[in-house]
Amino acid sequence: MLLLPLSACGGDAEAGSGSTVTVTVGYQSRTINTVTAGTLLRSLGAFEKQLNSLHDGVHYEVNWQDYATGAPITAQMTAGKIDIGSMGDFPLLINAARGKQLNSPTRLVSVTGYNLRGGLNTIVTAPGSELTSLKDLKGKKVSTSVGSAADGTLVRALQRAGIDPDSGIEKLNQQPSVGASALAAGSTDALSQFVAWPGLLAFQGKAKAIYDGARLNLPTFHGVTAREDFAKQRPAVLEAFLKAQAEATDYLNDRPVDAAEKVAKATGLPAEVVYLYNGDHGIATFDPAIRPQLVSALKRDVSILRSAKLTGDVDVDSFVDDQYVKKALGSAAYAGHLATKPAPAASEAWPKGASKTVTFDSPSKLLRYVAGHRDALRAAYVPDTTTGTLWFADKAVWVADGDTLLPFVAPDTAQAYIAGHGGARVVPYADALERAS
């Protein structure tokens, strides 16, 4: 009974008192852009090891709480029941707004994964659907999770296509799994979702992409938020978490196939799908540093949430606080992280039984390799010719431009290329393989 007051959010134990302190972490196991602050971090046990190294006389326990989206994490944080959480950029803004509104302020303390063009969000439709572009969505039912980054992508994409995001479609506010089921049942025409749902459904043959979020050319990311009172009361614990996150990030970047297998085992997701996003040339780049481009993008996102009446104004500058991650990494190292650029797009093949993928400097060379190793591959990946977004080679839209074979995530991106290149045309994947071999 004496330990109960200490179990929710770090408690009131003094260092050296021998008391037990429970640190509660909210994460999204299947939102694999957050794995370095959740699934992979937990699998590696890195946070617990960092806490044990504090040697401050306190016994720490970590309570991991898994959620499907960021909204319940925010609810638990503002209630004082979660200390540290990870979520996407739009939920982060709601987190900031709710924290201020309920006098339980939170702070963005690090980034997990990001894509500078927005490729983490994709709009998909059923495999046999006649819908091929955003303009085809007018008057249709579209499932998304309102207030998520995927919803933000949908709103912006529709606006650019000249469709009113409020009256031009029938928007269904659904959890990702519910939306996926609705798409399979035919009760929605399209699904706009975040990592890893679009890639998963495409890999399973249950969906095809009709819009690559990277067409927006606007950064999207996931990050780590902490309650301000927790950060101030237990800065050493937060620093331990961020050091552990850095370890998990290094592990993912150094051993991407192993990391994908670990995440797959913990989540039940196919490792091939995890690698699509978290691989060596995956859609996401993992780095805990809070980049200025991401902060700027966060500020632009406020207007989308405000127009949807999900928040009022959000003071992004006061919400962002990089002092903890800067201390955890070291000032010089942190500056180095900020100067590092994402890996260039590249084609990859994942042979069965291999602990590493094979990288190619052109999609045509990948196709030639695939043609000669059809039964020996787990997956093959190619970057979109226009956006660089990685996609499964057998799910991509292929264009033949003379002797050159070019992959695209979605039909409208391919058609935009064809419109500017006379003689270019779409070819089936089997045809592309035959041409390359």
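Guide: UniProt, in an unreviewed entry, puts the feature "domain: SsuA/THI5-like" at residues 73-259. UniProt positions are in the numbering used here, feature names are shortened, and annotations may be inferred rather than shown by experiment.

Visitor: Before we go on, what am I looking at, and how is it numbered?

Guide: This is a predicted model: local features need pLDDT of at least 70, side-chain atom pairs count only at pLDDT 80 or more, and totals for chains, interfaces and linings use all residues. Residues are numbered from 1 along each chain as its sequence is written, and side-chain values use heavy atoms, with hydrogens and water left out.

Visitor: OK. How much helix and strand is there over residues 73-259?

Guide: That stretch is 42% helix and 25% strand. Its end C-alpha atoms are 25 Å apart. Helices (H or I, at least four residues) and strands (E, at least two) are DSSP runs, numbered from the N terminus.

Visitor: And how is the protein divided into domains?

Guide: Domain 1 covers 20-116 + 220-339, domain 2 covers 121-216, and domain 3 covers 347-436. The bounds come from an automatic or database domain assignment.

Visitor: How far apart are the centres of domain 1 and domain 3?

Guide: Their C-alpha centres lie 33 Å apart. The contact (heavy atoms within 4.5 Å) takes 11 residues from domain 1 and 14 residues from domain 3.

Visitor: What area is buried there?

Guide: About 1100 Å², with carbon and sulfur atoms giving 65%. Buried area is the accessible area (1.4 Å probe) that two parts lose on being put together, summed over both. On the domain 1 side, E272, Y275 and L276 supply 46% of the area buried against domain 3, more than any other three residues.

Visitor: How many salt bridges cross that interface?

Guide: Two, by the rule (a side-chain nitrogen of Lys or Arg within 4 Å of a carboxyl oxygen of Asp or Glu). R378 forms a salt bridge with E272, and the closest N and O atoms are 3.3 Å apart.

Visitor: Which elements does domain 1 use to touch domain 3?

Guide: Those giving two or more residues are α10 (256-267) and α11 (271-278). The largest share, five residues, comes from α11. By class, that side of domain 1 has six nonpolar, two polar and three charged residues. Ala, Val, Leu, Ile, Met, Phe, Trp, Tyr, Cys and Pro count as nonpolar, Asp, Glu, Lys and Arg as charged, and the others, Gly among them, as polar.

Visitor: Zooming out, how many salt bridges does the structure hold?

Guide: It holds 18. One joins the side chains of K171 and D151, at 2.7 Å from N to O. K171 is in strand β7 (residues 170-173) and D151 in helix α5 (residues 149-160), 20 residues apart.

Visitor: New topic, the backbone. Which peptide bond is cis?

Guide: The one from V195 to A196, with omega near 10°. A196 sits in the loop between β8 (190-194) and α7 (197-203). N103 has a positive phi of about 55°, although it is not a glycine. N103 is in the loop between α4 (89-101) and β4 (106-115).

Visitor: Last one. Where is L218?

Guide: L218 is in the loop between β9 (208-212) and β10 (220-227). Leaving aside neighbours within four places in sequence, L218 is in contact with N115, L116, R117, G118, R156, R160 and R300.
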